Amino acid sequence: NFIIGDDFISIVQDDLYLDLHNDFDFTGYSYDVSNKEFKLFFKKGIGDWIKKKNIDRLIFKCKEVSFLKIKEGDSTEYPDDEGCLDGIGFNTEDMRSDMDSFLASNEFHDDYDLIFTFASGQAIKIHCKEVLLEIN
């Protein structure tokens, strides 16, 4: 129910552009193993530059997860950037060991993995049947 923006730091749902790098902070994730559902949580950031004042949080619901890999980050040098998204994109299955980059295309294919990279170096790569975006 969304697409990745051409800038690879945003998502677009209908005509709503959401800048995950500048306007939202990543706050965590949860994984329900028995239901194979992985969720990523973002909250509205704090600052005068924030554009979408009426949106408090975003939840990415990944359903029927078949692959999940999480790379730890190191936020000791820049602790304020721990929740800062660096990029969002896709990888092919043969790129599963690469947790630092993604394809230069935002076109989705069923066999692609979705990857979120963060300024801290943390990365989350996931393959699932469906990803739904909830806006609150």
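**Around D113**

Guide: The side chains of D113 and H127 are joined by a polar contact of 3.1 Å. A polar contact here is a pair of N or O atoms within 3.5 Å; within protein, one must be able to donate a hydrogen and the other to accept it, and residues adjacent in sequence count only if both atoms are side-chain atoms. This is a predicted model, in which local features need pLDDT of at least 70 and side-chain atom pairs count only at pLDDT 80 or more, while totals for chains, interfaces and linings use all residues. Residues are numbered from 1 along each chain as its sequence is written, and side-chain values use heavy atoms, with hydrogens and water left out.

D113 has another polar partner: its side chain meets the side chain of R96 at 2.7 Å. With a relative accessibility of 0%, D113 counts as buried (under 20% relative accessible area is buried, over 50% exposed, and in between partly exposed, with a 1.4 Å probe and protein chains only). Leaving out residues up to four places away in sequence, D113 touches F67, G89, F90, N91, T92, E93, R96, K125, I126 and H127; touching, or contact, means heavy atoms within 4.5 Å.

One of those neighbours deserves a stop of its own. N91, which D113 touches, belongs to strand 7 (residues 85–91). N91 is also buried, because its relative accessibility is 0%. A polar atom of the N91 side chain lies 3.4 Å from the backbone oxygen of S101. Apart from residues within four places in sequence, N91 is in contact with D98, S101, F102, L103, Y112, D113, I115 and K125.

Now widen the view to the strands. D113 sits in strand 8 (residues 113–118); strands are DSSP runs of E, at least two residues each, numbered from the N terminus. Strands 8 and 9 make a hairpin with 4 residues between them, and G121 in the turn has a positive phi of about 100°.

Strand 9 has another antiparallel partner to look at, namely strand 6 (residues 57–71), to which it is joined by 12 bridges. Follow that pairing and you will find V65 opposite C128 in strand 9. Strand 6 also holds E64, and E64 has a positive phi of about 55° although it is not a glycine.

The largest pocket has a volume of about 280 Å³, and F2, F90, F108, L114 and V131 are the closest to its centre among the 15 residues that line it. On a 1 Å grid over the protein atoms alone, a pocket is an open set of points where a 1.4 Å probe fits, with protein on both sides within 12 Å along at least five of seven lines; lining residues have an atom within 4 Å of a point. Grid points are joined across faces, edges and corners, and the volume is the space filled by probe spheres set on the points. Strand 9 gives the largest share of this lining, 6 residues. Strand 1 also supplies at least two lining residues. Sorted by class, the lining has 10 nonpolar, 3 polar and 2 charged residues (Ala, Val, Leu, Ile, Met, Phe, Trp, Tyr, Cys and Pro are nonpolar; Asp, Glu, Lys and Arg are charged; the others, Gly among them, are polar).

Since strand 1 has come up, let's finish there. An open sheet of 3 strands has the order 1-2-3, with antiparallel pairing. Strand 1 (3–4) and strand 3 are at its edges with a single partner strand each, so one side of each has no neighbour in the sheet. Strands 1 and 2 pair over 2 bridges, with I4 opposite I11 in strand 2. I11 also has a bridge partner in strand 3, L18. In the loop between strands 1 and 2 lies F8, a residue with a positive phi of about 60° although it is not a glycine. F8 is buried, with a relative accessible area of 16%. Strand 2 (residues 10–13) and strand 3 (residues 16–19) pair over 4 bridges; they form a hairpin with 2 residues between them, where D14 in the turn has a positive phi of about 55°.

Key: Pairing = 2+ DSSP bridges.
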